[in-house]
Amino acid sequence: MTTFAVTGATGGLGGAAISALIARGVAPSDIVAFARDDAKATPLREAGVVVRLADYERPETLDAALGGVDRLLLVSSPEVGKRTPQHRNVIDAARKAGVGFVAYTSLLGADTSPLMLAAEHRETEAYLADSGLDHALLRNGWYSENYAASAPAAIDSGVFAGSAGAAVVAPAARADYADAAAAALLAPEAGRVYELAGSQHLTYPDIAAAFGEIAGKPVRYQDLPVADYKAALVGAGVPEGAAAVFSDSDGGAAQGALDSSSTDLADLRGSPSTPFVEAIRAALR
Ligand SMILES: NC(=O)c1ccc[n+]([C@@H]2O[C@H](COP(=O)([O-])OP(=O)(O)OC[C@H]3O[C@@H](n4cnc5c(N)ncnc54)[C@H](OP(=O)(O)O)[C@@H]3O)[C@@H](O)[C@H]2O)c1
């Protein structure tokens, strides 16, 4: 019997990875879900998954939660700026617990990516490499759902703004990345680096057209300099830090950082990524 564990299990990616493991034949009782909020984990417990309370900031909880775990999916923390020490805590605990294989959700092209978000992923990747743990890197591209967040305002105003210029991006649904993570955990290959990107390559005008298709009205793309896009986001109520990250990421996308010709996502899953329009429709439901 193999025991799997998934961090961030009360979040979108971790929860979907657990669903994908179960869909791929793993018994819920062989899955340990890491949660820091007991109440949020109720649906997981009801599904028969073993819930253990663990907080990246509290190493003693990680030591206890990793007991008996064979393969771990370390879902990167959402707490940008705190992630490297948090991930180190998990990696240290995994080493102490003798975990056999770790898959870490990194960022597409993390080793060369110009995105500010890449730095903590590079640091975590390096720490994993030094840990001696058998591991694989799941370098996730952009979630299609990130664009869904812009859709209502874009549909309302008829304008989708961004800073990606004429570049293409290859987003995939969060559930696609989760499914790929489950597949990678089920067939562990130490040392593998998966560059995970969607099967469609879209420009931002294509994304505006997809919003228009969903809304049944025209939506056009307006390209802005990164600083202007950031100011527009702040003006729309996005907190300064998040606006800095989003606008910087679009600037990286303009350099091609959110596109890849890799077919690792489709190969791991055994099927192409969810069509973009379908992923946006589902996210807006
Ligand atoms: N590639 C992309 O486009 C993209 C987009 C967004 C995020 N990401 C990255 O991918 C990760 C997974 O995405 P997601 O959509 O699943 O994010 P999410 O829905 O925000 O889930 C994050 C998970 O991390 C948990 N968490 C946060 N702080 C923690 C801590 N100190 N100790 C233990 N657990 C903690 C959360 O627990 P609670 O439920 O208790 O808050 C939640 O379960 C994100 O965390 C971020 O690093 C990537």
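Predicted model: local features only at pLDDT ≥ 70, side-chain atom pairs only at ≥ 80, totals over all residues.
**Notes on helix packing and cores**

1. The crossing of α1 and α8 is right-handed.

2. Sorted by class, the α1 and α8 contact holds 11 nonpolar residues, one polar residue and two charged ones.

3. On to the nonpolar cores. The largest has 35 residues, and those touching the most other members are Ile18, Leu21, Leu44, Leu73, Leu138 and Leu196. Two or more residues each are given to this core by β1 (4-6), α1 (12-23), β2 (31-35), β5 (101-107), β6 (135-140), α8 (174-186), β9 (193-196) and α12 (264-269). Helix α8 supplies the largest share, eight residues. As background, nonpolar side chains in soluble globular proteins tend to be buried together.

4. Leu138 deserves a look of its own. Setting aside residues up to four places away in sequence, Leu138 touches Leu73, Ala103, Tyr104, Thr105, Ser106, Ala181, Ala184, Tyr194 and Leu196. There is also a second, separate core, this one of 29 residues, with Ala110, Ala208, Ala253 and Phe276 among them.

5. Back in helix α8, please look at Asp176. Is Asp176 buried or exposed? Asp176 has a relative accessible area of 2%, which is under the 20% cut-off, so this residue counts as buried. Beyond residues up to four places away in sequence, Asp176 touches Leu265, Arg269, Ser273 and Thr274.

6. Strand β9 holds Val193. With a relative accessibility of 35%, Val193 counts as partly exposed, because that value falls between the 20% and 50% limits. Apart from neighbours within four places in sequence, Val193 is in contact with Leu137, Arg139 and Asp264.

7. How are α4 and α5 arranged relative to each other? Helix α4 (residues 83-97) packs with helix α5 (residues 118-131) at an angle of about 20 degrees, with the axes 9 Å apart. The two helices are therefore roughly parallel to each other, the limit for that label being angles under 35 degrees. The crossing of α4 and α5 is right-handed. On the α4 side the contact is made by Arg83, Thr84, His87, Arg88, Ile91, Asp92 and Arg95, and on the α5 side by Glu120, His121, Glu123, Thr124, Tyr127, Leu128 and Ser131. By class, the contact of α4 with α5 has three nonpolar, five polar and six charged residues.

8. Ala93 also sits in helix α4. Ala93 counts as buried, at 2% relative accessibility. Neighbours within four places in sequence aside, Ala93 is in contact with Leu62, Asp63 and Leu66.

9. Helix α10 passes α11 in a right-handed crossing. From α10, Val226, Tyr229, Lys230, Leu233 and Val234 take part; from α11, Glu240, Ala243, Ala244, Phe246, Ser247, Asp248, Asp250 and Gly251. By class, this contact of α10 with α11 has seven nonpolar, two polar and four charged residues.

10. Finally, a loop residue. Where does Gly158 lie? Gly158 is in the loop between α7 (151-157) and β7 (159-162). Its relative accessible area is 14%, so Gly158 is buried. Not counting residues up to four places away in sequence, Gly158 touches Pro218, Val219 and Arg220. Tyr221 is 63 residues from Gly158 along the chain, and the C-alpha atoms of Tyr221 and Gly158 are separated by 8.6 Å.

Note on methods
Residues numbered from 1 in each chain as written. Heavy atoms only, no water. Helix = DSSP H or I, 4+ residues; strand = E, 2+ residues; numbered from the N terminus. Buried < 20%, exposed > 50% of the residue type's maximum accessible area, 1.4 Å probe, protein only. Contact = heavy atoms within 4.5 Å. Core = buried A, V, L, I, M, F, W, Y, C linked by side-chain atoms within 4.5 Å. Left-handed = near helix turned anticlockwise from the far one by under 90°. Nonpolar A, V, L, I, M, F, W, Y, C, P; charged D, E, K, R; others polar. Axes fitted to C-alpha atoms, helices over the stretch in contact; angles between N-to-C directions. Parallel < 35°, antiparallel > 145°, perpendicular 65-115°, else oblique.
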